[in-house]
Amino acid sequence: MVIALQISSRELEHTKKYPNEKVISLGIGDTTEPLPEVITSAMSDFTLALSTHEGYRGYGAEQGNKTLRKAIAETFYRDLAVNDTEVFVSDGAQCDISRLQAYIDSSVIIGQAGDFQDGTGKYQNIEYMECGPQNHFFPDLSKTPKTDVIFFCSPHNPTGHAASREQLEHLVEFARENGSIIVYDSAYAAYITDGSPRSIYEIPGAKEVAIEVSSFSKLAGFTGVRLGWTVVPHELLFSNGFPVINDFNRIVCTCFNGASNVAQAGGLACLSPEGYKAMLSVVGYYMENANILVDTFASLGLKVYGGVNAPYVWVHFPGSSSWDRFNEILEKTHIITVPGSGFGPCGEEFIRVSAFGRRESVLEASARLKDTFLP
Amino acid sequence: MSLMNQLLTSISSSSSALLGQDHLFLTRPKNVVLPSKKSGLCKCIAAPSTEKTAYKTKVSRNENMGKLQAGYLFPEIARRRAAHMLKYPDAQVISLGIGDTTEPIPEVIASAMAKRSNSLATIEGYSGYGAEQGEKLLRAKVASTFYANLGIEEDDVFISDGAKSDISRLQVLFGSDVTMAVQDPSYPAYVDSGVIMGQTGRYQNNVGYAHIEYMKCTPENGFFPDLSAVSRTDVIFFCSPNNPTGSAASRDQLSQLVQFAKDNGTIIIYDSAYALYMSDDTPKSIFEIPGAKEVAIEISSFSKYAGFTGVRLGWTVIPKELQFSDGFPVAKDFNRIVCTCFNGASNIAQAGGLACLSPAGLEGMQEVIGFYKENTRIIVETFQSLGFNVYGGKNAPYVWVHFPGQSSWDVFGEILEKTHVVTTPGSGFGPGGEGFIRVSAFGHRANVLEACRRFKELYK
């Protein structure tokens with residue numbers, strides 16, 4: 001991500017300027033908590049087995065280990081009629097997004113986006129669906145022109161909003177009317193606390209219009225281990241009736257060679273009863289961080305969004321430039337956040353604060369913010 | 001315990017068994033039409049659906065996907081193998097088809113990965129996102145191990161999850177308007193990824209895809225193309241030691257290639273995945289050739305060195321000197337691709353990679369490579385003793401056997417049927433592979449010996 005590079009270089013600049021200050025990073029959404037042992041020991045056992053005759057494994061199926069595919073289908077899509085044959089294990093959602101040729105940055109690369117227009121801050125051929133407090137962070141679909149593909153992330157990075165069942169029914173209906181394909185990013189589904197839908201397939205009819213992308217990164221702390229999945233339902237067809245899954249399978253077999261078998265061993269352990277429980281307790285740890293951050297910013301008199309269904313807190317500074325607010329926070333409290341404009345034009349006036357971090361750091365950040373900004 | 005068993009019981013490519021060619025059985029969708037907003041009616045159809053009533057989106061299929069001929073080669077081989085095993089459940093099928101490593105990973109490497117896995121459970125040892133270009137130490141070690149004195153630095157090295165993924169990332173880098181040349185025969189990923197990107201026209205039987213420059217590599221030309229007969233293209237994919245022919249280009253030949261690229265302003269993508277299998281003094285890296293840094297990218301992999309076919313680790317080298325026609329450094333764009341379309345190789349795999357390049361790791365890898373080379377020698381000797389013209393096998397773990405005048409799929413089928421040994425038909429690697437069979441030398445020694453015994457029975 002480009003914004004990540006910009007943040008990194010600002011951080012570097014800042015630490016050079018203030019070598020004695022402890023910079024706290026609530027910027028890039030990088031997990032910080034160690035992995036549960038039940039998961040790491042499964043991975044270490046697997047790697048040691050690779051040095052034995054019985055345990056050695058070469059190429060795996062490009063679509064992923066069958067047992068893992070089944071476990072993903074059963075854990076996340078039970079009762080939603082998603083079959084293990086529709087689950088493709090990846091080395092993370094970021095990679096599969098490109099394999100699906102989607103999102104702003106990579107669709108620029110693929111050539112779908114047209115030229116960037118400095119005035120609007122948008123790429124020409126992309127339809128930007130505004131999400132803000134004014135529309136409850138769900139786009140006004142009646143004003144949205146038809147496109148072939150709709151990228152929809154829920155719970156949302158960066159706003160933290162989880163779309164309601166009603167909103168998703170509306171989205172599915174919209175896609176159906178227009179013959180569009182939804183690419184639904186559910187990477188933060190495990191963070192939902194209010195009963196909002198965790199998968200697009202909870203919505204009737206979604207299997208004929210949606211692909212779902214997800215990841216173990218924020219679910220299991222696998223940001224470095226690299227593991228995710230994509231669901232392409234058998235029912236999803238191109239306009240000529242050709243199944244999308246056939247082409248996705250061909251891409252996966254040609255442009256990829258499967259996720260690391262070690263990461264997949266870890267993934268299976270994550271989905272064991274013990275592993276799953278341990279994983280969710282780490283998620284709970286980050287959500288407690290989020291609570292603290294929500295309270296902190298609210299206590300400063302700011303309008304705060306998110307932090308309930310996602311590990312991101314979306315703070316509104318009406319009338320402000322997000323880079324100015326980012327710089328002010330960094331300069332005065334030595335806390336790294338992310339300026340909202342890095343996510344698109346409607347991010348202007350907002351700051352994203354990520355809830356990943358050690359509890360002590362989050363508490364210290366909270367104290368600094370209150371000390372500095374409380375009247 | 002059960003987790004391990006579950007993982008260890010997985011068989012080869014399930015894709016092929018399930019999907020066959022491009023056809024997939026359709027799960028019948030539920031026959032319920034969503035309620036119409038206007039009338040509030042819900043229509044339920046009890047009869048089984050057919051293609052006609054199945055909902056279709058209005059998104060056009062990417063027509064480039066439609067140009068691909070059948071499935072990717074190796075899942076096709078796996079499918080045939082699986083079908084054969086169903087037909088002959090008691091036969092001991094031996095796989096010398098897909099070039100899949102079989103021997104255990106050296107302990108020093110496996111234990112480094114175990115150590116890294118365990119450290120992820122500790123506060124001090126936990127790491128999240130790594131640099132997309134790879135861990136600094138590993139990049140530096142790759143540069144110093146494989147490119148010492150060649151002027152390749154740490155930041156010219158990009159760590160990948162394997163050469164196959166980087167081949168496609170490089171295609172994305174170049175876009176759909178470039179023209180490509182490949183050796184004929186060649187590793188199928190170069191051509192297939194080019195087709196997917198829209199660089200080619202339609203396929204013609206026995207000719208190949210339109211707009212691709214196929215550089216024939218045959219026994220007659222010593223498996224090095226006659227460059228004077230090759231039209232200019234933007235990109236040339238060149239694999240040496242070669243998969244599937246096993247031929248390694250000489251210093252002189254590579255100098256010609258570099259000159260050819262210089263004269264034409266072309267970029268070479270040099271696949272050196274089998275470099276350590278060389279038995280003679282031929283160059284292991286394209287960058288050994290003066291001037292190559294201005295015209296070449298090199299890709300490589302730990303797959304066939306360390307048995308990392310499942311672990312997934314490789315690298316790509318893009319010299320700073322390599323520029324597009326407008327002077328823009330190619331490495332800068334590749335870096336952007338890597339930061340946008342990728343999120344780095346698995347940290348555990350990278351820990352393994354670092355151990356591979358330690359003295360003990362390098363020694364361990366050489367032992368495994370030596371083992372597969374001995375397999376190769378046995379296979380070469382077998383086919384030679386049967387009177388075949390045999391190529392390769394000296395600098396690569398592949399033996400390229402000539403069956404003049406025969407269809408390679410027919411020979412593949414006959415060998416499979418009569419000896420229960422899986423090989424790979426040469427035409428799967430391009431029109432220039434017709435009339436040849438590739439026998440891969442990855443396998444347990446006992447299986448290789450048994451396969452050779454069966455070949456001798458069949459062809460005596």
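A: B:Ala70 counts as partly exposed, at 25% relative accessibility; in these terms buried means under 20% relative accessible area, exposed over 50%, and partly exposed in between, using a 1.4 Å probe and protein chains only. This is a predicted model, in which local features need pLDDT of at least 70 and side-chain atom pairs count only at pLDDT 80 or more, while totals for chains, interfaces and linings use all residues; side-chain values use heavy atoms, with hydrogens and water left out. Residues are numbered from 1 along each chain as its sequence is written, with chains lettered from A and ligands numbered from 1 in the order in which they are written.

B:Ala70 has a phi near 60 degrees, a positive value in a residue other than glycine. Most residues other than glycine have a negative phi, and most peptide bonds are trans. You will find B:Ala70 in the loop between helix 3 (63–67) and helix 4 of chain B. Helices (H or I, at least four residues) and strands (E, at least two) are DSSP runs, numbered from the N terminus.

Helix 4 (73–87) takes us on to another element, as it is among those that cover the buried residues of helix 14 of chain B. Helix 14 (residues 408–419) has twelve residues and reaches 16 Å from its first C-alpha to its last, close to the 16 Å expected at 1.5 Å a residue; the expected span is 1.5 Å times one less than the number of residues. Which residues of helix 14 of chain B are buried? They are B:Ser408, B:Val411, B:Phe412, B:Ile415, B:Leu416 and B:Thr419. Seen down the axis, these buried residues fall within an arc of 130 degrees, so they line one face of helix 14 of chain B; the arc is that of the directions from the helix axis to the C-beta atoms. On the other side of helix 14, B:Asp410 and B:Lys418 are exposed.

The cover over the buried face of helix 14 also includes strand 13 (421–422), strand 14 (424–425), strand 15 (436–440) and helix 15 of chain B.

Helix 15 of chain B has another partner to look at. Helix 13 (residues 359–385) and helix 15 (residues 445–459) of chain B pack at an angle of about 5 degrees, with their axes 10 Å apart; axes are lines fitted to C-alpha atoms, for helices over the stretch in contact, and angles run from 0 to 180 degrees between N-to-C directions. Helix 13 and helix 15 of chain B are therefore roughly parallel to each other, where angles under 35 degrees count as roughly parallel, over 145 as roughly antiparallel, 65 to 115 as roughly perpendicular and the rest as oblique. Among the residues making this contact are B:Phe371, B:Ile378 and B:Phe383 of helix 13 and B:Leu449 and B:Phe455 of helix 15, contact meaning heavy atoms within 4.5 Å. By class, the residues of the contact divide into eight nonpolar, three polar and three charged; Ala, Val, Leu, Ile, Met, Phe, Trp, Tyr, Cys and Pro count as nonpolar, Asp, Glu, Lys and Arg as charged, and the others, Gly among them, as polar.

Elsewhere in chain B, a cis peptide bond joins B:Ser240 and B:Pro241, with omega about -5 degrees. B:Pro241 sits in the loop between strand 7 (235–239) and helix 9 (251–264) of chain B.
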